[in-house]
Amino acid sequence: MAFSTRRRIVVFGVDGVRTDTLAAARTPRIDAIAAEGFLAAFELNDLAPTVSGPGWSNIATGVWADKHNIDGNVFADHRLADYPDFLTRLRTAWPEIRTYAAADWPPLVGPDSEGPVFATPHRVLRLEAPDDDYDMTGADIALDAARTLGAGDYHAAFVYFGEPDEIAHHEGVTPNYLAAVERADARIGQVLDAIRARPAFPDEEWTFVVVTDHGHIDTGGHGGRDPWEARAWIAACGPLVPRGGVTTEHADVAPSVFAALGLKVDPAWGLEGVPFGHRP
Ligand SMILES: [Zn+2]
């Protein structure tokens, strides 16, 4: 399908959000996306370590670690050139598209740890939280994403908030962790409000995805196979996203991005996922 300037997408990544905390937290903006589309929780499969490096790589590329070769948080010997992130695939297919990525976990968008996962966005915000102050970097990401996607002319974006994961590592599943999830929701809302205020918004067709990479054990931490660390979730809404009843997993995000924007998937890409709603 040809490039259309009407179809646009934002994938919001929120790191390390347990499904029960999502349910307990006041998250009206994620709830609204779920109500308009779906919210699906799932167990990470055996090819998906409960670690951020492989988690976000699975989400970004649509393949598992056996292909992109990222099974930890240092990306030595990665094969992202053969299995690039969805923004890079879009840009390769459509030179006229404009892409954006923002994150406060530097390897996602910068050369740290032999990244980045998102290799070629037109505009990048790479933040490193000073003194682990992910509340501050989260606020900066929301501000930059709202300005960029609200006032700019971007068609596909990845916007990431690391604060919940960081707090859970420090203190476990606590009220402060829940509050960080609520802050992430409010920041997603800040970006959504800016997009909906676009003069062209009524003529555009936006798809929104919110996804977490893994959960946490009660005392904080992940990487094993405890049900609470191995459970993740995706919420999404958009013109082609089914309402409710969706079974999905991380490798479906990239194919769903391509479906939302009308990019035909080449079987040679070896994608493991399918667009939301296409999984039996
Ligand atoms: Zn973590």
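**Entry 1: strand S6**

I started at strand S6, residues 205-211, and found it mostly covered, with 6 of its 7 residues buried. My cut-off for buried is 20 or more other C-beta atoms within 10 Å of the residue's own; exposed is 12 or fewer, partly exposed lies in between, and C-beta atoms are placed from the backbone. Strands (E, at least two residues) and helices (H or I, at least four) are DSSP runs, numbered from the N terminus. This is a predicted model: local features need pLDDT of at least 70, side-chain atom pairs count only at pLDDT 80 or more, and totals for chains, interfaces and linings use all residues. Residues are numbered from 1 along each chain as its sequence is written.

I then looked up the partners of S6. Strand S1 (residues 7-14) runs parallel to S6, joined by 7 bridges. Two strands pair if DSSP finds at least two bridges between them. Arg 8 has Trp 206 of S6 as its bridge partner, and Arg 7 stands opposite Glu 205. Strand S7 (residues 231-237) pairs with S6 in the antiparallel sense, over 4 bridges. There I found Val 209 opposite Ala 236.

**Entry 2: strand S1**

How many residues of S1 are buried? I get 8 of 8. Both faces are covered. Arg 7, Ile 9, Val 11 and Gly 13 are buried on one side, and Arg 8, Val 10, Phe 12 and Val 14 on the other. S1 also pairs with S5, parallel, over 6 bridges. I noted Ile 9 opposite Ala 156, and Gly 13 with Tyr 160 as its bridge partner in S5.

**Entry 3: the sheet**

I wrote down the strand order as S2-S7-S6-S1-S5-S3-S4, an open sheet of 7 strands with mixed pairing. Neighbouring strands are turned by 10° against each other on average, direction ignored. Axes here are lines fitted to C-alpha atoms, for helices over the stretch in contact, with angles from 0 to 180 degrees between N-to-C directions.

H5 lies across strand S3 (99-103) and S5, and runs at about 165° to S3.

Helix H9 (residues 253-261) has 9 of 9 residues buried, so the rest of the structure largely encloses it. Among these buried residues are Val 253, Pro 255, Val 257 and Leu 261. They pack against S1, helix H3 (52-61), helix H5 (86-93), strand S5 (156-161), S6 and S7. After H9 comes Gly 262, with a positive phi near 85°.

Next I looked up the largest nonpolar core, which has 89 residues. Such a core is a set of buried Ala, Val, Leu, Ile, Met, Phe, Trp, Tyr and Cys residues joined through C-beta atoms within 7 Å. Val 159, Ala 235, Ala 236 and Val 257 have the most contacts inside this core. Helix H8 (residues 175-196) gives the most to it, 8 residues.

Neighbours within four places in sequence aside, its contacts are Ile 30, Ile 33, Ala 34, Gly 37, Phe 38, Leu 39 and Val 210. Contact means C-beta atoms, placed from the backbone, within 7 Å.

**Entry 4: Ala 129**

Is Ala 129 buried or partly exposed? It has 18 C-beta neighbours inside 10 Å, so I count it as partly exposed. Ala 129 sits in the loop between strand S4 (123-126) and helix H6 (134-151). Outside its four-place sequence neighbourhood, Ala 129 contacts Asp 104, Tyr 134, Met 136 and Thr 137. I also looked up Glu 171: 42 residues from Ala 129 in sequence, and 17 Å away, C-alpha to C-alpha.

**Entry 5: the whole protein**

I count 9 helices and 7 strands. Of the 280 residues, 56% are buried. The C-alpha trace spans about 50 × 40 × 40 Å along its principal axes. Of the contacts with a separation of 6 or more, 68% join residues 24 or more positions apart.

Definitions and conventions: Contact = placed C-beta atoms within 7 Å.
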